[in-house]
Amino acid sequence: MSRTFLKMNGLGNDFVVLETATQPFHPTAEEIRAIAKRDGGIGCDQVIAIDPPRAEGASAYVRFWNSDGEEIGACGNGTRCVAWLLMESAKKTSVAFDTVTGRLSGVMAGDKRVTVDMGPPGLDWRQIPLAEEMDTARVELQVGPIDAPLVHTPVCVSMGNPHVVFFVDAPVSDDFARGTGSLIEHHPLFPEGVNVGFAHVAARDHIQLKVWERGAGLTAACGTGACAAQVAAVRRGLTDRVAKVEFESGALTIEWRESDGHVIMTGPVTLEFTGKLPERVAA
């Protein structure tokens with residue numbers, strides 16, 4: 001039986017979204033890669049499954065996979081897309097759903113704009129996780145010559161997935177992000193790999209960001225990466241609690257809320273088209 005999917009994106013970070021209420025979905029890594037493949041597949045950065053809820057108070061249980069086939073704990077732009085779909089289908093203006101990393105919630109913030117509560121960031125070295133104990137606000141890591149490193153002393157943050165954020169004096173090029181990001185993604189300091197952000201603080205309410213995503217590569221935007229960059233900047237005293245985090249494809253508004261420590265993300269969602277998966281990847 002063929003399976004219907006929705007193709008969605010948040011600031012160009014794109015997803016294949018599947019509901020599993022009528023057809024269970026237990027894909028292999030190879031099947032995820034086949035769906036995500038841009039030459040011959042549907043093409044996406046992540047695959048998302050919306051399962052029936054497993055706990056009281058939740059509208060769904062949501063699973064995420066990177067394009068390399070690995071299941072992951074969180075995806076910020078994907079979370080907004082899921083929240084919008086659940087609110088649209090239930091004719092509601094707010095929703096809560098569960099993931100492997102905990103419960104998330106979303107509210108409508110305008111026409112195809114959604115605000116999502118991503119919960120509190122993980123700041124302890126064991127939460128990232130790192131291979132050894134160290135201060136996650138000033139991590140002992142650099143790339144390049146010892147006396148003239150290209151980037152150094154980043155901040156580490158978990159947003160349900162591991163992030164390392166380097167602050168740079170000017171926005172970096174795609175080539176720099178690819179070369180440096182791919183090098184750091186599998187560094188021994190990060191036993192589960194890591195998403196690598198390059199953040200330029202343009203003002204106290206404005207960050208320009210490029211992210212190399214673990215298992216997906218350089219993407220148009222990364223919601224959890226934006227959250228991690230804002231948390232990192234606040235920890236360093238570089239921005240206020242609310243800032244615009246800008247990618248080349250558009251911007252998100254991120255607040256690290258002082259009252260409860262939760263990270264609040266607001267941004268757009270786009271529904272591109274509906275299609276049917278090929279039989280060979282409809283498992």
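A residue is called buried here when its relative accessible area is under 20%. By that criterion, helix α1, which spans residues 29-36 of this predicted model, has five buried positions to look at: Glu31, Ile32, Ala34, Ile35 and Ala36. These buried residues pack against four strands, namely β2 (13-19), β3 (46-51), β4 (61-66) and β19 (270-277).

Arg63 in strand β4 and Asp51 in strand β3 are 12 residues apart, and their side chains form a salt bridge with an N to O distance of 2.7 Å. Both Arg63 and Asp51 are buried.

From here the nonpolar interior can be followed. In soluble globular proteins, nonpolar side chains tend to be buried together. The largest nonpolar core of this model has 51 residues, and Phe97, Leu209, Phe247, Ile254 and Val263 have the most contacts inside it. Helix α4 (residues 223-235) supplies the largest share of this core, eight residues. Leu209 shows what such a position touches: leaving aside neighbours within four places in sequence, Leu209 is in contact with Gly197, Phe198, Ala199, Gly225, Ala226, Ala229, Val245, Glu246 and Phe247.

Side chains of opposite charge can pair when their charged atoms come close. The structure holds 14 salt bridges. One of them joins Asp117 and Arg257, with the closest N and O atoms 3.6 Å apart. Arg257, at 26%, is partly exposed.

Lys210 and Asp174 make another salt bridge, at 2.7 Å from N to O. Because Lys210 lies in strand β14 (residues 206-213) and Asp174 in helix α3 (residues 174-185), the pair ties together parts that are 36 residues apart in sequence. Lys210 is buried, with a relative accessible area of 9%, whereas Asp174 counts as partly exposed at 30%.

Salt bridges can also share partners: Lys7, Asp14, Arg38, Asp45 and Glu272 are joined in this way into one network.

Key. Residues are numbered from 1 along each chain as its sequence is written. This is a predicted model: local features need pLDDT of at least 70, side-chain atom pairs count only at pLDDT 80 or more; totals for chains, interfaces and linings use all residues. Side-chain values use heavy atoms; hydrogens and water are left out. A nonpolar core is a set of buried Ala, Val, Leu, Ile, Met, Phe, Trp, Tyr and Cys residues joined through side-chain atoms within 4.5 Å. Buried means under 20% relative accessible area, exposed over 50%, partly exposed in between (1.4 Å probe, protein chains only). Helices (H or I, at least four residues) and strands (E, at least two) are DSSP runs, numbered from the N terminus. Contact means heavy atoms within 4.5 Å. A salt bridge is a side-chain nitrogen of Lys or Arg within 4 Å of a carboxyl oxygen of Asp or Glu.
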